[in-house]
Amino acid sequence: MATNSAIPDVERKVLAASLIFVAAMLGLIAYAAIRLGISVPTCVTGIKPFEEGELIRVGPGRYEAHVVAKTWSFKPNRIKVEKGSVVDFYVTSKDIVHGFMIEQTNVNLMAIPGAVNYAQARFEKAGTHQILCHEFCRAGHENMMASIEVTP
Amino acid sequence: MIQKNLRAVIVLELLFPLTLLLFGAYHGVLQVLYRAGLIQDTSFLGIGYYTGLTAHGVINAIVLTTFFGVAFGHAVISQQLEQSVSAPAAKAGAALMILGTLVAAGPIFAGKADVLYTFYAPMKAHPLFYIGVVLLVVGSWVSFWGWIPGYLRWRRNHPGRKTPLGAVGIFATFIIWQMCTLPVAYEVLVQLIPWSLGLTAGVNVVLSRLLFWFFGHPLVYFWLLPAYVMYYMIMPRLAGGKLYSDFYARFVFLAFIVLSTPLGLHHQFTEPAISSGYKALHAALTFLVAVPSLLTAFTLAASLEYGARQNGGQGLFAWWGKLPYLDKERWLFPYLFLGLVIFILGGITGIVNASYSMSAMIHNTSWIPAHFHLTVAGPVFLAILGMSLYLSVGLLGKKIAAPAVAVSIPYVWTVGVFTFSAGLFYGGLKGVPRRTNLGMSYLDPLSDAYRPDWRIGEYIGAVGGCIMGLAVLLFFYVLVRSLASTRSEQESDSFALPVSEAYHDEDIGVVRNFRPWIVAAVIAILISYIPPLIQVLGANYPLVSE
C-alpha cells in the first residue's frame, strides 16, 4: 500500500476526460439556446396577471393567447388558428399551481398564481393538439384539458 | 465495532420505516394499475389515488431515506471513530423522528394532506402534516449534531491521521442535509404552518417554490451518498479487492458538499418569474455535479477490476466474470453492484433533464418518475434494502435466512425497475403526464380524452411495477425469517461493517479538511441564489391561498 502525495497519472486523465465530456455537453446546450433559439421561459415583466382568458388576433397569422388556468379548466378552452400561425402564449393561474403542456410542441409551462409565464409556438400542420394540465391540482386534475385546432 | 449502546436505536431506525414501506410499496403497485386503466376509480379500498401517491412519496423518499441515513450514519461513525457517538443525542433524534412521522401520518392517511411530498402551496395540508415533517427533519439534525463532538475529539486524539473514509462520506451527507434543509425549514415554519393554522392570508407561491427547490436537489444527494459510502467503503472488499483510489473517494464526497446545492433552478426551467440567464447558470452547475459521479464510475470500476483479478480474473473483459454475483456468503454484493448498473441509466437520463431547453420535452411527463426510479429506487433503494438487512441481522446476532432468496431480490428488482422505467420513458416522450390518475380520463376508453396510443407505455410500466412489488415481498420474507432466527450474543458482539483497504492510498492535503469545502459551498450558494432571490422578492408577488 503506497502512501504518497501525488495523484497517479491515470486519475488525472480521468478527471480531464470527465471535464471535457461535461464541457462538450454544455457547448451543445449553448448552441441550441443561442444559435437555434431553443430556450426556457424567463421572467415576464411587461404583462400583468390578466383576469380573462382570450385569444387575440394581432395580425395575419399572428395571435396572442391569454390563458387562465383555474381548477379544473383552461380559458380559452378551444383555440382555433389557421395553419402557419405563430401564437404567443401567456399563461397564469387564478387559484393553485397548474401545468400547461401542448402536445407535439415545445410549449411546456407551469401556471403559477400571481405570475405570468410565456412561450411561443408556430403551428405548421393542420390538425388538433391536446393541451393538458400536467401538475397535480387535486381531484379533477386528470380531466383538466383543452385543445388547439389548426385549420388548413 | 459498532457502538453497543446504539444497537437498539439503529435497529429501531431501520425497522420502523421498513414497516411503513409495506404501505409505500403497496401503493406503488396500485399506482401503476390505476395509471394503466386497470383500476378505474378515484380510490381503492378506501384510499384515494392522490392520498396514496402522497404517502408513497413521503414514506419512500423522505421517511425511509432519512431514517436510514441516520441509522447507517450511527453505524459507520461509531465503528470508524471509535465509539464516539453521543447516545443521548441518538435516542433523542430517533424519538423526534418517530414522533414526527406518526404526527404526519395521521393527516396523510385521513386524506387531509393530499399535497404530495413537494408541498406545492397554495394547496393546503392540515398543520399536523407540516409539523410532523419538521419534527422528522429536526430529529435527523439532532442525530447528526451528536456525531460532531466525538469527531472533533477523534481528530485531537489522532493528529496527522486521515479521517476514515466512511466517516468522511457520512459527514459530507449530513453537511449537505444541514445546509439544504434550512431554506425549506424557513418555508415550512414561516410560510406554510402559520398559513395552514389560519394566521396568515396566504403564501408567496413563487418564493415558496424557490425555497423548496433549493432543498429538492441536494435532497437527492442526501439519498445517494449513503449508497456511495457503501460503494467506496464496503463493495471493493466484498468483491475481493481494494478501493482503487482513496483520494478520488474523498474528493468525490467533498465535491458534493460544494456542488450539490447551487443548481436547484433546473427543477424550475419551465416556471415564470425567474430569468432564463439564472436558469442557464444553474444548468451549467448541474453539469458540473456530474463530474464526481463520472469519477465514481471510474474508481468503482477500477476497484471491481482489481478485486476480480485477485479472484483469478483475466483478459480485457473476461475478468467481469469473476465477481461474486451469486455468492450466498456475500449476498450483499449484488444489492450494491446492481444499483450501480441501474444508476448508469439513471445518470444519463438525469443529464437529459439538466439539459436546459430539453426540459420542454420532458418536464412533468412520466419521463421524470422513470428517471428518478433509476436513481432513488435504483442504487439508493437497493443499498437501503441490502444494508438494512445486513445491519439488523448482524446487530441482533441473527443468521440470514434463505440466502439464495436474499441474493435473488436485487435481480428481481432490477428487472422490475428497468421494465417500469422503459414504459414510463416511452410514455413521457409521447407526453403522458406524471402524477395523474390516467385511468379516470386518458386511459378510459369511454372518456372523450381517451388516448389508445398511451396504453402500451403504461402497460409495460404496470408489468414492471408488479415485478418491483414481488421483489419487496421477497425482501420481507427474508427479513422476517431472518429476524425470527436464533440469536447469538457472540455474533452480535463481534459484528462490524466490512471496510476496504486502499490500493492507491494518496495523502493529499486538500481532501483532509471539511472547512474549505464548506466555505466554497456557501460562496457557490450565495452566487447562484442571491440574484434569483432578489428578483423574486423585488416583484412583490401576492399572497395566495387555496
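Two strands are said to pair if DSSP finds at least two bridges between them. Helices (H or I, at least four residues) and strands (E, at least two) are DSSP runs, numbered from the N terminus. The model described here is predicted: local features need pLDDT of at least 70, side-chain atom pairs count only at pLDDT 80 or more, and totals for chains, interfaces and linings use all residues. Residues are numbered from 1 along each chain as its sequence is written, while chains are lettered from A and ligands numbered from 1 in the order in which they are written.

## The sheet of chain A

Chain A contains an open sheet of 5 strands in the order 4-10-9-6-7, with mixed pairing. Its edge strands are strand 4 (78-82) and strand 7 of chain A, each of which pairs on one side only. On average, and with direction ignored, neighbouring strands of this sheet are turned by 20° against each other; the axes behind such angles are lines fitted to C-alpha atoms, for helices over the stretch in contact, and angles run from 0 to 180 degrees between N-to-C directions.

Strands of a sheet pair through backbone hydrogen bonds, in either the parallel or the antiparallel sense.

| Strands of chain A | Sense | Bridges |
|---|---|---|
| strand 4 and strand 10 (residues 145-151) | parallel | 5 bridges |
| strand 9 and strand 10 | antiparallel | 6 bridges |
| strand 6 and strand 9 (residues 127-132) | antiparallel | 2 bridges |

A:H129 has A:I148 in strand 10 of chain A as its bridge partner. Towards strand 9 of chain A, A:M101 is bridged to A:L132, and A:I102 stands opposite A:I131.

In a regular strand the side chains alternate between the two faces of the sheet. Strand 4 of chain A has a covered face with A:I79 and A:V81, and an uncovered face with A:R78, A:K80 and A:E82.

## Domains and interface

The domain assignment of chain A, with bounds from an automatic or database source, gives domain 1 (7-40) and domain 2 (54-151). The C-alpha centres of domain 1 and domain 2 of chain A lie 35 Å apart.

Between the two chains, 52 residues of chain A are in contact with 62 residues of chain B, where contact requires C-beta atoms, placed from the backbone, to lie within 7 Å. On the side of chain A that touches chain B, helix 1 (9-34), strand 6 (98-102) and strand 7 (108-111) of chain A each supply at least two residues. Helix 1 of chain A gives the most, with 12 residues. By class, this side of chain A has 32 nonpolar, 14 polar and 6 charged residues. Here Ala, Val, Leu, Ile, Met, Phe, Trp, Tyr, Cys and Pro count as nonpolar, Asp, Glu, Lys and Arg as charged, and the others, Gly among them, as polar.

## Chain B

A residue is termed buried if 20 or more other C-beta atoms lie within 10 Å of its own, exposed if 12 or fewer, and partly exposed in between, with C-beta atoms placed from the backbone. Helix 9 of chain B is mostly covered, as 14 of its 14 residues are buried. The 14 residues of helix 9 (residues 246-259) of chain B should span 20 Å at 1.5 Å a residue, and the end C-alpha atoms are 20 Å apart, which agrees; the expected span is 1.5 Å times one less than the number of residues.

B:A92 is placed in helix 3 (residues 87-109) of chain B. Because B:A92 has 17 C-beta neighbours inside 10 Å, it counts as partly exposed. B:A92 and B:Y231 are 139 residues apart in sequence and, C-alpha to C-alpha, 30 Å apart in space.

## Backbone exceptions

Most residues other than glycine have a negative phi, and most peptide bonds are trans. The peptide bond from A:T71 to A:W72 is cis, with omega near -10°; A:W72 is in the loop between strand 2 (62-70) and strand 3 (73-75) of chain A. The bond from B:A121 to B:P122 is likewise cis, with omega near 5°, and B:P122 is found in the loop between helix 3 and helix 4 (127-145) of chain B.

Positive phi values occur at A:R138, near 80°, and at B:E82, about 55°. A:R138 is found in the loop between strand 9 and strand 10 of chain A and counts as partly exposed because it has 15 C-beta neighbours inside 10 Å. B:E82 lies in the loop between helix 2 (49-80) and helix 3 of chain B; with 16 other C-beta atoms within 10 Å, B:E82 is partly exposed.
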